[in-house]
Amino acid sequence: MTSIPHETPGEPNPLQALTLDRLRCRTSMKWRTYPADVLPLWVAEMDVPLAEPVVTAVTRALALGDTGYPAGTAYAEALALFAAKRWAWDGLAVERTAIVPDVMLGVVEMLKLVTGPGDPVVVNPPVYPPFFPFVEHLDRRIAEAPLGADGRLDLGALEDAYRRAAAGGGRAAHLLCSPHNPTGTVHTAGELAAVAALARRYGVRVVVDEIHAPLVVSGAGFVPYLAVPGAENGLSLMSASKGWNLAGLKAALAVAGPEAAADLALLPEEVSHGPSHVGVLGHTAALLDGTRWLDALLAGLDANRRLLTALLAEHLPGVGYRPGDATYLAWLDCRALGLGDDPAAVFLERGRVALSRGLDFGTGGAGHVRLNIATSPEILTEGVRRMAAALR
């Protein structure tokens with residue numbers, strides 16, 4: 001699959017638009033969890049103003065009092081157009097989609113469709129921490145197939161996990177993160193096709209979280225799971241949430257492959273009442289008219305990856321960092337610093353900088369932290385300076 005080149009940004013870097021004082025006026029989780037002297041570089045919120053098309057769509061809805069329940073397929077149609085242009089994928093069929101409250105609640109609903117209580121759900125740690133409690137609260141059990149030492153899918157470990165899951169009876173699923181959080185790895189078409197082939201062989205259903213799909217660097221070639229051979233019975237969750245910083249505007253889409261249409265048709269109708277109608281309008285506007293803003297963001301993130309590499313080399317040469325091809329999250333290996341299994345605690349206490357604990361990401365997370373680079377170069381620089389100060 002050939003990816004479509006990104007557009008020329010045509011507008012300024014949104015990561016350089018807001019000062020720290022302005023950001024501290026926000027009341028969201030990122031800015032209210034820790035005391036004011038802590039620099040927050042942890043949860044996946046971006047330090048950006050919203051794309052103007054999103055602001056216009058939401059403002060218009062509020063002016064009209066258009067704040068009822070969501071309806072129609074405009075969101076799915078916008079995603080299909082975005083997928084065709086951005087990923088050269090024309091296989092997103094609007095009739096095989098459903099709106100869901102957000103990606104993780106959509107994951108829960110998809111797992112309900114293809115597994116039962118007590119069934120295994122394979123995950124690839126270190127991975128997005130909510131995968132673990134959401135699966136367990138659903139009364140399913142986690143089966144691990146850890147990433148390889150290179151941060152990529154380990155197909156041998158995955159086959160072993162599939163084999164064990166299938167041997168236990170019941171219905172097994174694989175909750176795949178693509179692109180992968182926290183490593184920023186973009187799975188190749190070959191890797192995804194291999195996953196699909198193994199899933200077919202062992203009767204495992206793949207449910208894929210593709211929330212970070214818009215945040216792939218130019219040329220990296222994001223491949224939707226449902227686009228690869230053998231994935232026709234897969235289920236995907238997509239959203240504009242991460243790409244345009246819309247976590248507070250709840251809305252996502254479940255997308256079924258051709259062989260999973262009957263499963264998706266069993267989704268309870270009331271699930272579609274959960275998304276925010278205003279959120280649906282905002283996400284639709286982002287996908288249709290927010291690509292120039294997105295490309296300016298992606299250019300800014302590229303610059304921040306280079307900056308982080310240089311900052312770590314200068315101030316924290318013992319930290320391992322392999323820049324990913326997607327997301328705005330940096331996975332840092334701090335084991336050589338001698339800070340124990342939870343270096344985030346040390347950076348918080350001594351450096352007053354908040355990072356995500358590697359331990360929360362499961363197997364392979366000890367001694368690591370996740371750092372959010374979706375901020376200004378000045379704040380990123382200060383964050384690394386504080387991390388280095390914590391070692392003195």
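**Pocket, sheet and helix packing in the predicted model**

The largest pocket has a volume of about 1,200 Å³ in this structure, which is a predicted model. Its lining comprises 49 residues, and those nearest the pocket centre are Val43, Ala44, Glu45, Lys242 and Ala247. Two or more lining residues are contributed by each of α5, α9, α13 (343-351) and β12 (356-357).

Seven strands are arranged in an open sheet of mixed pairing, with the order β2-β8-β7-β6-β5-β3-β4. Because β2 (97-100) and β4 (141-144) stand at the edges with a single partner strand each, one side of each is left without a neighbour in the sheet. Neighbouring strands of this sheet are turned against each other by 25° on average, direction ignored. Within the sheet, β3 (residues 120-123) pairs with β5 (residues 172-177) in the parallel sense over two bridges, and Val122 stands opposite His174 in β5.

Helix α5 (residues 103-114), which also contributes to the pocket lining, packs on the sheet and touches β2, β3, β5, β6 (204-209), β7 and β8. The direction of α5 makes about 165° with that of β7. Helix α4 (residues 74-87), by comparison, lies across β2, β7 (235-238) and β8 (252-256), running at about 70° to β8.

The 14 residues of α4 reach 19 Å from the first C-alpha to the last, close to the 20 Å expected at 1.5 Å a residue. Buried positions in α4 are Tyr75, Ala76, Ala78, Leu79, Ala80, Phe82, Ala83, Arg86 and Trp87. These buried residues pack against the strands β2, β7 and β8 and against the helices α9 (241-244), α11 (277-289) and α12 (291-315). After α4 comes Ala88, with a positive phi near 55°.

A further set of pairings involves strand β13 (residues 368-372), which is mostly covered, five of its five residues being buried. In a regular strand, side chains alternate between the two faces of the sheet. In β13, His368, Arg370 and Asn372 point one way, whereas Val369 and Leu371 point the other way, and all are buried. Strand β10 (residues 329-333) pairs with β13 in the antiparallel sense over five bridges, with Asp333 opposite His368. Strand β12 likewise pairs with β13 in the antiparallel sense, over two bridges, and Arg357 stands opposite Val369. Strand β12 is also one of the elements that give two or more residues to the lining of the largest pocket.

Notes: Residues numbered from 1 in each chain as written. Predicted model: local features only at pLDDT ≥ 70, side-chain atom pairs only at ≥ 80, totals over all residues. Heavy atoms only, no water. Pairing = 2+ DSSP bridges. Helix = DSSP H or I, 4+ residues; strand = E, 2+ residues; numbered from the N terminus. Axes fitted to C-alpha atoms, helices over the stretch in contact; angles between N-to-C directions. Contact = heavy atoms within 4.5 Å. Expected span 1.5 Å × (residues − 1). Buried < 20%, exposed > 50% of the residue type's maximum accessible area, 1.4 Å probe, protein only. 1 Å grid on protein atoms, 1.4 Å probe; cavity = no way out; pocket = protein on both sides within 12 Å on 5 of 7 lines; lining within 4 Å. Points joined across faces, edges and corners; volume = space filled by probe spheres on them.
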